[in-house]
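Subject: Structure handover and notes

Dear colleague,

Here is the structure that I promised to pass on to you.

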Amino acid sequence: MKVVLLGTAAGGGFPQWNCACALCAAARDGKLPARTQECVAVSGNSRDWWLLNASPDIRTQLTTTPALAPGPGPRDTPVRGVLLTDAEADHVMGLTVLRGGAGLKLYAAPPVLAALAPLRAMLDRYAPWAWADSLTEGGFVLAGGLVVSAHPVGSKAPKYLAGPVADVGWVTSYRIEDLASGGVLVYAPCLGGWAPALDELLATATCALLDGTFYAADEMGTAVRAPAGQAAMGHLPVSGARGSLAALARHPGPRRIYTHLNNTNPLLDPASDASARVTGAGVEVLPDGAEFVV
């Protein structure tokens, strides 16, 4: 299975357009590499490619990735569809860029499909897409020889929804297995906490892409003097006794990579103490455009 990290930043990208924190300033000065918003492409045969989420930066991400270039026909594309982990704006806004792409198939959990009903109606006016329940029993098979199962890992509903919403089933992770090689990718870029299901998934994984949004729970308040930090935004921090790095210590076998990095996260700086601690624990932070095989 080939994997391309199209984008590795959290919502707003890096540097964030309206942020003058030290890290964003360093990126603007060219001292740290910029990052686009989180999105991944996977393929089991190098011909049929599937997007994991669809970031607002998807056009740039597609046009700068040779494997995803259109052709051979004038309107042919190797992109077959999208697997959504949630309904957050920075994971679904890229769908509007893909409008008009004939024959695409979209997978998402039932609450996400319901929340996107107005967007789905608009997109289907350009070209009808197939929309499917990602939580279907027994999983599903993607073109290219990939077998996928979705697993609920959180209940955080998107902020843009009005009125009361059911506090269940909003966030999923994916287990993607390559039938030819047996390689298994676990993809979980949004985690409000360490769900028990993750331990089961990582026990069989070859590689895991995990939520690295915040390094510390109070990071937002420290970096930009915000009144609330990580806890208000629904992301499990990397550090701390109950952070994801401590949980990952139980799973030294698979390759482990953090993605969805917020612009305040010191992991964006390879020279930071936080980066030294994470790499010392055997966990990676890769740049946009990184490609590898699972």
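I begin with L98, which touches L51, I58, L62, V82, L104 and W129 when residues up to four places away in sequence are not counted; contact here means heavy atoms within 4.5 Å. L98 is also among the residues with the most contacts inside the largest nonpolar core, together with L51, L95, W129 and Y258, and that core has 68 residues. The largest share of this core, 4 residues, comes from helix α1 (residues 22-28). Apart from it lies another core of 26 residues, including L52, L142, L185 and F292. By nonpolar core I mean a set of buried Ala, Val, Leu, Ile, Met, Phe, Trp, Tyr and Cys residues joined through side-chain atoms within 4.5 Å, where buried stands for under 20% relative accessible area, exposed for over 50%, and partly exposed for what lies in between, with a 1.4 Å probe and protein chains only. In soluble globular proteins, nonpolar side chains tend to be buried together.

Before going further, please keep in mind that this is a predicted model, in which local features need pLDDT of at least 70 and side-chain atom pairs count only at pLDDT 80 or more, while totals for chains, interfaces and linings use all residues. Residues are numbered from 1 along each chain as its sequence is written, and side-chain values use heavy atoms, with hydrogens and water left out.

As for the overall picture, the protein has 10 helices and 14 strands, taken as DSSP runs (H or I of at least four residues for helices, E of at least two for strands) and numbered from the N terminus. A compact globule of 294 residues would have a radius of gyration near 19 Å, and the 18 Å of the protein agrees with this; the radius is taken over C-alpha atoms, and the globule rule is 2.2 Å times the number of residues to the power 0.38. Along the principal axes, the C-alpha atoms fill a box of roughly 50 × 40 × 40 Å. Buried residues make up 52% of the 294 residues, and among contacts with a separation of 6 or more, 67% come from residues 24 or more positions apart. The accessible surface is about 12600 Å², with 57% of it belonging to carbon and sulfur atoms (Shrake-Rupley method, 1.4 Å probe).

Several loop positions deserve a look at the backbone. Most residues other than glycine have a negative phi, and most peptide bonds are trans. In this model, however, a cis peptide bond joins F14 and P15, with omega about 0°, and P15 sits in the loop between β1 (2-7) and α1. Another cis peptide bond joins G71 and P72, with omega about 5°, and P72 belongs to the loop between α2 (58-63) and β4 (79-83). N53, in the loop between β3 (49-52) and α2, has a positive phi near 70° without being a glycine, and N53 is buried, at a relative accessible area of 0%. H260, which is found in the loop between β12 (255-259) and α10, likewise is not a glycine and has a positive phi of about 60°; at 4% relative accessibility, H260 counts as buried.

A10 lies in the loop between β1 and α1 and is buried, with a relative accessible area of 3%.

V238, in the loop between α8 (230-233) and α9 (244-248), is buried with a relative accessible area of 0%. Beyond its neighbours within four places in sequence, the contacts of V238 include G212, F214, Y215, Y258, L267 and V278. V238 and A216 are 22 residues apart in sequence, and their C-alpha atoms are 6.3 Å apart in space.

Finally, S275 has its place in helix α10 (residues 273-280) and is buried, at a relative accessible area of 6%. Residues up to four places away not being counted, S275 touches P266, L267, D269 and P270.

With best wishes
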